[in-house]
Amino acid sequence: MQLFQKIREAVDYKKVMHYPSAMTLPQPIDFNIVCNQVLQRQYPVNKIKYDTNVGINHNDVFSHIFQIYRVETNPLFIDMHKHIVDNLPDFKIDRLDMFCSFKKSLGVDHKDKENSLILSLYKSTMYRFEDLDLTVELKPGDMLLSPTGTTHFSMSCQERIIVSWGLHK
């Protein structure tokens, strides 16, 4: 498949890859689905992402990004996760995490220790790669590969949901 070949090439050449309309979602995913089908299950780890230099805004916690770890076992994501794992057998894929913002948000610039394969599920998210002078907008069904060690941050002007796989070579 062309998508998976492009993912392999992006990892091999340490290049950011944006693949519009990479995946057709089996059903629309929104916050009602997340609340009814994801948050009802017990996940051992979830957290609020924030800039440690600034801290959590206790007056508006919904202005932060929420991370829910290991959603690959949720019935909503089992087939999607299996599709990625089956088509990238040369990678160790550690888990599938969900990131949600309930309103506009600005993530902290960071470098991931793994190649991050990101799929947009609900509304749009922008990713900024300052060192590359590159901004990518992800819409539902779009994918982005951020190579290991590439500094980036996310931002959105409204609520949004994405999922992310860590790919290890």
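1. Helices (H or I, at least four residues) and strands (E, at least two) are DSSP runs, numbered from the N terminus.

2. The model is predicted: local features need pLDDT of at least 70, side-chain atom pairs count only at pLDDT 80 or more, and totals for chains, interfaces and linings use all residues. Residues are numbered from 1 along each chain as its sequence is written, and side-chain values use heavy atoms, with hydrogens and water left out.

3. The protein contains three helices and 11 strands. Read from the N terminus, the order of elements is α-β-α-β-β-α-β-β-β-β-β-β-β-β. The protein has a radius of gyration of 15 Å, close to the 15 Å from the globule rule for 169 residues, so it is as compact as a globular protein of that length. The radius is taken over C-alpha atoms, and the globule rule is 2.2 Å times the number of residues to the power 0.38. The C-alpha trace spans about 45 × 40 × 25 Å along the principal axes.

4. On burial, the cut-offs are these: buried means under 20% relative accessible area, exposed over 50%, and partly exposed in between (1.4 Å probe, protein chains only). Of the 169 residues in the protein, 47% are buried. The accessible surface is about 9,200 Å², and carbon and sulfur atoms account for 50% of that surface. These areas come from the Shrake-Rupley method with a 1.4 Å probe; for residues, only the protein chains shown count as cover.

5. Contact means heavy atoms within 4.5 Å. Taking contacts between residues at least 6 apart in sequence, 76% join residues at least 24 apart.

6. The protein has 20 positive and 20 negative charges, and their mean positions are 2 Å apart. Lys and Arg count as positive, Asp and Glu as negative, while His and the chain ends are not counted. Each charge is placed at NZ of Lys, CZ of Arg, CG of Asp or CD of Glu.

7. Which residues of H1 are buried? They are Leu3, Phe4, Ile7, Arg8, Ala10 and Val11. These residues cover an arc of only 165° around the axis, which puts them on the same side of H1. The arc is that of the directions from the helix axis to the C-beta atoms. An α-helix has 3.6 residues a turn, so residues three or four places apart point the same way. The buried residues of H1 pack against E1, H3, E6, E9 and E11.

8. Helix H2 (residues 31-38) has Phe31, Ile33, Val34 and Val38 as its buried residues. Their arc around the axis is only 155°, which puts them on the same side of H2. Asn32 and Asn36, on the other side of H2, are exposed. The cover over the buried residues of H2 includes strands E3 (65-68), E4 (92-101), E6 (115-122) and E11 (160-168).

9. In H3, the buried residues are Met80, His81 and Ile84. Seen down the axis they fall within an arc of 95°, so they line one face of the helix. The packing partners of these buried residues are H1, E4, E6, E9 and E11.

10. Lysine 14 has a positive phi of about 50° although it is not a glycine. This lysine is in the loop between helix H1 (2-12) and strand E1 (17-19), and lysine 14 is exposed at 64% relative accessibility. Arginine 70 is also not a glycine, and its phi is positive, near 55°. Arginine 70 sits in the loop between E3 and helix H3 (78-87) and is partly exposed, with a relative accessible area of 39%.

11. Is serine 164 buried or exposed? Serine 164 is buried, at 13% relative accessible area. Apart from neighbours within four places in sequence, serine 164 is in contact with Arg95, Leu96, Asp97, Phe99, Ser116, Leu117 and Ile118.

12. Leucine 144 belongs to strand E9 (residues 143-146). Its relative accessible area is 0%, so leucine 144 is buried. Leucine 144 and valine 16 are 128 residues apart in sequence, yet their C-alpha atoms are 7.2 Å apart in space. Leaving aside neighbours within four places in sequence, the contacts of leucine 144 include Val16, Met17, His18, Tyr127 and Phe129.
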